[in-house]
Amino acid sequence: MAENPVPPPGGSHDQEAESTAQAPVRRRSDVYFVTDDLHANLGRKTARGGAYTLASTGINFVVTTVSTVLITRELTDEDFGLFGMVMVLTGFASMFVDLGLSRAVIQKPKINHAQVSTLFWINLAVAAGLAGIVSAATPLLVWLYDEPRLAPINLALAGLFIVSALGLQHRALLTRRLEHGRLNLVSLLATPIAALVAVVVAFLGGKVWALVALPAVAQVANVLGMWIACPWVPGFPRRNSGVRTMLGFGAHVTGFQF
């Protein structure tokens, strides 16, 4: 009877180690790049997401209404006028921060870490550029309205472009995975926090800065919430990551919005 060949010392362990080394390393956040598991419970997830959104919208409406009434009692028409003058510029510029790239991520059947990372940095670069342009336009805005008080307000709101860009792709990944519960939870936390801070600023005599604090705190709270709800960390951008078609899609979305 032939004897079974004896494997060389450590041979099986070496093969196992080699196969382990060749296996791709999966990050915990890789789940946000696949959607195949959603098809089985798509109807239930959609219905549940609708219920979450309806409840969140209702609560946020009540919070916003109450806070608006409280803030309005402490502010004057002049305060709202100053804020409105700045919003003409910053509100228009804000539509270009996303560039439709978050929708491109949501609708694309297959995405990967490199693509979303590249889009994250594109969003951030565009936001930084817009913040610079809007900030540089401050003297023109002051001259146009003949109102020096607009300068610090415009600079503060311009900085929010960068803050907003930090959470765009995280929100897109959560939306793509139909994580409506997490999305609405972030909103339910951010809206009351921002409203509370704005009301406090108004009651302390902050005047127009109460209106500035409302979107500023909301943006910061939303971004922090998105990063906690979606533990994805962007990598370095890559030139050949395959985002050209996604940029084209985003350009069409932005053009429609414009």
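Q: How much space lies in the largest pocket?
A: About 290 Å³ of space lies in the largest pocket of this predicted model. On a 1 Å grid over the protein atoms alone, a pocket is an open set of points where a 1.4 Å probe fits, with protein on both sides within 12 Å along at least five of seven lines. Its volume is the space filled by probe spheres set on the points, which are joined across faces, edges and corners.

Q: Which residues lie nearest its centre?
A: Ser94, Leu160, Phe161, Pro215 and Gln219 do, out of 14 lining residues; a lining residue has an atom within 4 Å of a point. The elements that give two or more residues to this lining are helices H3 (77-94), H7 (150-165) and H10 (208-229). Helices here are DSSP runs (H or I, at least four residues), numbered from the N terminus.

Q: Which helix gives the largest share?
A: H3 does, with 5 residues.

Q: What does the lining have by class?
A: The lining has 8 nonpolar, 5 polar and 1 charged residues. Ala, Val, Leu, Ile, Met, Phe, Trp, Tyr, Cys and Pro count as nonpolar, Asp, Glu, Lys and Arg as charged, and the others, Gly among them, as polar.

Q: Turning to charges, how many salt bridges does the count come to?
A: The count comes to 3 salt bridges, each a side-chain nitrogen of Lys or Arg within 4 Å of a carboxyl oxygen of Asp or Glu.

Q: Which residue forms a salt bridge with Glu78?
A: Arg149 does, and the closest N and O atoms are 2.6 Å apart. Glu78 lies in helix H3 and Arg149 in the loop between H6 and H7, so the pair ties together parts that are 71 residues apart in sequence.

Q: Which residues are linked in a network of salt bridges?
A: Glu78, Glu147 and Arg149 are linked in this way. Between Arg149 and Glu147, the N to O distance is 2.9 Å.

Q: Is Glu147 buried or exposed?
A: Glu147 is buried, because its relative accessible area is 15% (buried means under 20%, exposed over 50%, partly exposed in between, with a 1.4 Å probe and protein chains only). Arg149, at 40%, counts as partly exposed.

Q: How are the residues numbered, and what is left out?
A: Residues are numbered from 1 along each chain as its sequence is written, and side-chain values use heavy atoms, with hydrogens and water left out. In this predicted model, local features need pLDDT of at least 70 and side-chain atom pairs count only at pLDDT 80 or more, while totals for chains, interfaces and linings use all residues.
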